[in-house]
Amino acid sequence: TGFFDAIALFTKHSAILLGDSVDGRFVIYTTTDGVNWIRRKGPESLPDEGAFAASGTCLIARLNGEAWFGTGAARVFHSKDFGATWTVAQTPLRHEGNAAGVFSLAFYDSLHGIAVGGDYTKPTEAAANVALTSDGGLTWHEASQRPTGYRSAAAYLSRTEIVVTGTNGTDISRDAGQTWQPLTPLGYNALASRNGHLWAVGPEGRIATGP
């Protein structure tokens with residue numbers, strides 16, 4: 001009756017697994033050795049609330065035991081204790097229907113993060129597709145300017161540089177998400193970054209890397 005959406009690592013052997021809600025609660029498993037998994041008491045969900053698995057980044061984790069995940073109700077859940085307990089905050093992202101909500105999260109540190117999404121059936125619509133936080137996800141606000149359509153993935157290159165991508169193109173911000181410029185008209189589905197380097201994967205087996 002369930003579906004696993006994403007997995008994220010705290011450390012080399014410690015990880016967290018997120019699944020759509022079953023019996024009114026999100027499904028959360030954690031491991032400390034990569035072999036044995038413990039079912040946690042997941043946070044309560046809204047009726048029919050789930051997460052979007054496409055980018056693999058609806059769930060993210062940090063070395064200090066923090067984890068966040070976003071949902072189709074445009075909510076972001078946050079744990080500070082390796083998934084044992086959770087708080088939740090509403091974002092201003094679009095969430096009408098079952099094709100909209102938070103599709104991807106990225107955090108530069110424990111305070112500064114971004115949530116992206118929109119409606120994947122309306123790829124060029126730029127309404128309510130990005131939100132920012134500076135308090136670890138307690139509160140979220142819209143940027144002063146938005147990317148140019150639905151966005152399914154986000155990644156930090158540095159404290160101020162963020163790349164987001166979706167089916168109708170890729171954008172970059174150089175001021176921590178406040179304003180955005182088109183980077184390429186090519187669309188991708190998922191992003192990953194490390195030490196200022198970016199990888200993107202998309203339709204027809206397309207792989208990109210940079211800068």
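In the hairpin formed by strands S3 and S4, five residues lie between the two strands, and Gly34 adopts a positive phi near 80 degrees. The model described here is predicted: local features need pLDDT of at least 70, side-chain atom pairs count only at pLDDT 80 or more, and totals for chains, interfaces and linings use all residues. Residues are numbered from 1 along each chain as its sequence is written, and side-chain values use heavy atoms, with hydrogens and water left out.

S3 (residues 25-31) and S4 (residues 37-40) pair in the antiparallel sense over four bridges, with Thr30 standing opposite Ile38 in S4. Strands are DSSP runs of E, at least two residues in length, numbered from the N terminus, and two of them pair if DSSP finds at least two bridges between them. S3 also meets strand S2 (residues 15-22), to which six bridges join it, again antiparallel; here the bridge partner of Leu18 is Ile28 in S3. S2 and S3 make a hairpin too, with two residues between them, and Asp23 in that turn has a positive phi of about 55 degrees. S3 itself is mostly covered, as five of its seven residues are buried (under 20% relative accessible area, with a 1.4 Å probe and protein chains only).

Further along, an open sheet of four strands runs in the order S5-S6-S7-S8 with antiparallel pairing. Its edge strands, each pairing on one side only, are S5 (59-61) and S8 (87-90). S5 and S6 (residues 67-70) share three bridges, and Ala61 stands opposite Ala67 in S6.

The largest share of the lining, four residues, comes from S17.

Finally, Thr165 lies in strand S14 (residues 162-166) and counts as buried because its relative accessibility is 0%. The side chain of Thr165 makes a polar contact with that of Thr170 at 2.8 Å (a pair of N or O atoms within 3.5 Å; within protein, one must be able to donate a hydrogen and the other to accept it, and residues adjacent in sequence count only if both atoms are side-chain atoms).

Methods
Buried means under 20% relative accessible area, exposed over 50%, partly exposed in between (1.4 Å probe, protein chains only).
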